[in-house]
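Hi,

Here is the structure I promised to pass on.

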Amino acid sequence: MTDATNSPSTGPMLSADGTPLKKSLQIALRRQKLRALMLVAPLLLFVLISFIAPIADMLFRSVENDIVSETIPRTVIALEQWDYEDGGASAPGDDVYAALYVDLSEAEEFKTHTRLGSRLNYETTGMSSLLRKTGRGIGRMDTDEYTKQFEALDPTWEDPAAWVAMMQAPGVAEILPETASAWQSWQRIVANKNDVLSEEQPEDFIYTMLYRDLIAQPASAVAAYSGPGAAMLQAADSAVDGFEPISLREQFLDIDKDWADAQIWGTIKAFSSPYTAGYFLSSVDLQLTPAGIEQQPENQQIYMMLFGRTMFMSMVIMGSCILLGYPIAYLLSNLPLRTSNLLLILVLLPFWTSLLVRTSAWKVLLQQQGVINDILVWLGLVADGDRLVMINNQFGTIVAMTHILLPFMILPLYSVMKTIPPSYVRAAKSLGATNWTAFWRVYFPQSVPGIGAGSILVFILSIGYYITPELVGGTTGTFISNRIAYHISSSLNWGLAAALGTILLAVVLVLYWVYDRIVGIDNVSLG
Amino acid sequence: MVSTNTDDGFVVFDGVQKSYDGENLVVKDLNLSIARGEFLTMLGPSGSGKTTCLMMLAGFETATNGAIRLGGKEINNIPPHKRGIGMVFQNYALFPHMTVAENLSFPLEVRKIGKAEREAKVQRALDMVQMGDFGGRRPAQLSGGQQQRIALARALVFEAELVLMDEPLGALDKQLREHMQFEIKHIADNLGITVVYVTHDQTEALTMSDRVAVFEDGRIQQLAPPDELYEQPKNSFVAQFIGENNTLMGKVEKIDKDLAVVRLDNGDLIDTVPVNVSSVGDRTLVSIRPERVEFNRERLLPDAHTLKAEVLEFIYMGDIYRTRLRVAGKDDFIVKTRNAPDQRRLKPGEVIEIGWRPQDCRALDA
């Protein structure tokens with residue numbers, strides 16, 4: 001806030017009591033603004049909480065991908081050292097398998113490995129079953145050999161209390177980094193089981209990590225340690241070289257040979273970052289493979305086709321609405337008020353019946369044993385054997401949706417046409433124009449804003465339409481929205497659904513912008 | 001009945017009737033003949049049928065009965081766009097999505113006139129209404145007066161011989177309206193076109209017209225040149241509708257060919273011209289224009305009847321004085337006098353004697 005002291009020498013305009021005029025004005029306006037804000041606050045909060053926030057969250061899911069880095073964080077870090085090479089690629093080294101071993105041991109306890117499997121399965125089929133299988137097998141690996149060898153060396157290794165004491169000692173984390181990291185997982189596992197840490201003997205993966213740490217550390221580092229269990233640790237350090245090594249890679253391969261497949265590791269690496277463009281790529285029939293962005297296999301390319309179909313059918317529906325709605329709106333706007341009000345009620349009547357009822361009515365009318373086919377057969381126009389297929393295809397969707405969306409075209413048209421004075425057409429005729437010329441050159445251009453408004457409304461409503469195509473669309477008449485609903489409720493691939501929805505939203509916004517550039521949104525009039 | 005001389009009967013309404021609901025006649029038996037080059041105004045209050053007559057002539061309404069002829073040819077069944085009649089609408093009806101030049105070019109385009117000729121004609125029409133530089137503007141960018149000029153130019157650009165105007169100046173302010181009245185009149189005179197002009201503004205009708213047809217109740221009450229209409233109204237409706245007017249009620253006491261003595265309801269006698277009275281004893285409404293009332297005894301005939309009047313109010317209006325008097329028991333008797341150096345200013349409370357030349361006071365239907 002500015003006051004008189006730091007303003008230029010001419011000084012600000014002062015109000016009668018000496019405060020700067022701007023300040024007084026602000027104070028006076030603030031109360032008004034606050035009042036206005038208070039009035040809209042309930043609705044604003046309601047919309048924010050129940051509408052905007054969920055939508056924003058949903059859209060965010062289209063890029064969100066932290067499940068991989070949260071479930072197998074060590075593996076993700078270990079994989080940074082490894083590069084996927086197309087063709088002659090090889091699986092990563094033992095470090096990565098060790099990291100995966102610890103990660104999956106924890107994930108198996110929390111059952112998060114199945115979620116990870118479902119997620120990665122969207123990208124490479126087989127990942128889900130691979131991870132389930134590995135989860136089941138991870139407790140039965142041969143790593144208990146390490147445990148037995150440590151116990152044989154010193155039975156104190158069986159004592160959970162000794163472990164707790166040692167792992168809590170300062171400096172251990174530096175000497176035994178992998179063990180310390182695995183120990184954290186172990187703490188979470190024990191807590192999840194509601195057990196006491198000092199009473200539970202650590203599982204094999206802790207001993208495995210201990211073995212790896214002791215092999216990796218130079219003897220001097222271990223010898224420098226003097227905390228709890230120092231003797232036991234130093235004894236183990238000198239003995240580990242004689243332990244029989246167990247290849248974790250082999251252990252994983254025993255569970256499933258796919259773990260040798262570089263493709264699997266490539267997929268994990270490609271989707272290891274917390275944000276991904278993968279869902280968006282899938283939405284446009286591309287895929288993120290370990291080797292980069294590629295086309296989806298031909299038989300899986302459906303989304304571009306669906307987007308195209310949605311656009312095309314929405315255009316057709318919009319066009320039919322213009323063709324059918326324009327004459328009605330014209331009639332309505334040129335009738336005496338009482339008659340036109342009655343007709344307007346008839347136009348609005350469909351709004352008072354359920355959408356489901358209207359759509360179902362079209363099923364009754366259009367199906368092969370339906371009313372229209374019966375009449376055509378009765379008239380002899382169509383043979384009983386080959387009744388027309390008018391439902392569960394594009395035709396049915398277009399007919400039903402045109403009917404349902406027609407009022408949204410008629411109302412803006414009507415309100416625009418009502419404001420066109422009849423004297424324009426009269427003037428045109430008096431100037432020598434025929435009925436058609438007067439309409440086309442004078443009346444029609446002035447009704448264009450109504451067409452624009454109606455078209456935007458109908459088009460935007462129809463490209464997001466769900467219920468009607470779902471009910472009467474069959475396989476050839478479904479929209480992108482039906483696919484989104486499928487991913488939300490059936491396949492549970494919410495990320496892909498969110499990406500498809502985001503694209504749909506973007507398309508609408510782009511069309512709106514294009515329309516604004518061409519026609520001008522100021523020219524859109526809803527009356 | 002049919003006049004073959006198109007100069008006398010360029011536009012002819014012959015027994016035209018119009019009804020919208022089959023029960024009431026909006027236009028009752030209209031007979032009107034308009035000469036070529038004439039400026040005829042249809043004047044009347046709203047609902048008097050004047051606009052309906054215009055719309056029938058333009059072709060937007062069909063006559064229920066009777067014939068309308070243009071240049072000797074019956075046009076009842078000719079659609080509006082083939083009548084070749086120019087029309088100026090009340091709200092101008094300039095096409096908002098076209099520029100001024102496109103608006104003017106429109107009637108030429110539909111007549112399939114070549115581009116060069118079209119442009120020349122448009123420019124000529126724009127120059128005629130002194131709007132030569134405005135061809136590229138949109139109607140919304142023009143003021144009301146400018147739109148009015150464009151509407152006029154558009155009605156004239158295709159060289160129609162007959163131009164209809166439906167209260168074209170109604171939306172303009174007073175000063176502009178008066179200016180446009182003269183301008184329309186001059187343009188019409190210069191081009192020699194026939195104009196049928198509809199208005200409810202009597203000043204406008206008097207200023208512009210060759211003849212005025214006063215409409216009321218679906219009929220023409222009087223068809224006459226402006227001066228005749230003002231000075232010799234044929235009935236009490238016309239007298240009261242046109243200009244300001246003092247009225248007194250009375251009974252015919254004595255009647256000659258061109259002088260009737262009327263006894264007012266308070267017993268006073270006055271001299272009048274008999275117009276709609278025929279015999280002694282008839283109830284009559286006596287009409288006298290405020291500016292024809294005389295209170296200078298010397299200017300009246302020696303044997304003229306006079307009335308006592310009490311001055312109630314004196315209003316100074318610049319060019320004239322307006323004095324309200326109580327005459328024969330009525331408080332709304334107005335006298336208008338010119339503001340001249342020797343003019344006497346009456347004072348409220350003063351009692352004077354007023355009179356008039358018998359030919360200025362008309363005994364009409366009661």
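In chain B, β1(B) and strand β2 (residues 25–34) pair in the antiparallel sense over six bridges. Strands here are DSSP runs of E with at least two residues, helices are runs of H or I with at least four, and both are numbered from the N terminus. Two strands count as paired if DSSP finds at least two bridges between them. In this pairing, B:V11 has B:I34 in β2(B) as its bridge partner. The two strands make a hairpin with five residues between them, and in the turn B:G22 has a positive phi of about 80°.

β1 (residues 11–19) of chain B also pairs with strand β4 (residues 65–70) of chain B, again in the antiparallel sense, this time over five bridges. There, B:Q17 sits opposite B:N65 in β4(B).

Before you go further, a word on how to read all this. This is a predicted model, where local features need pLDDT of at least 70 and side-chain atom pairs count only at pLDDT 80 or more, while totals for chains, interfaces and linings use all residues. Residues are numbered from 1 along each chain as its sequence is written, with chains lettered from A and ligands numbered from 1 in the order in which they are written.

Now for where the chains meet. 19 residues of chain B are in contact with 15 residues of chain A (contact: C-beta atoms, placed from the backbone, within 7 Å). On the chain B side, β6 (85–88) and α2 (100–109) each supply at least two residues, and β6(B) gives the most, with three. By class, that side of chain B has 13 nonpolar, four polar and two charged residues (nonpolar: Ala, Val, Leu, Ile, Met, Phe, Trp, Tyr, Cys and Pro; charged: Asp, Glu, Lys and Arg; polar: the others, Gly among them).

As for chain A, you will find 26 helices and two strands in it. Its radius of gyration is 36 Å, whereas a compact globule of 527 residues would be near 24 Å (taken over C-alpha atoms; the globule rule is 2.2 Å times the number of residues to the power 0.38). Along the principal axes, the C-alpha atoms of chain A fill a box of roughly 115 × 95 × 45 Å.

Chain A is divided into domain 1 (4–52), domain 2 (69–139 + 249–299), domain 3 (143–245) and domain 4 (303–523), with bounds from an automatic or database domain assignment. The C-alpha centres of domain 1 and domain 2 of chain A are 56 Å apart.

Cheers

How values were computed:
Two residues are in contact if their C-beta atoms, placed from the backbone, lie within 7 Å.
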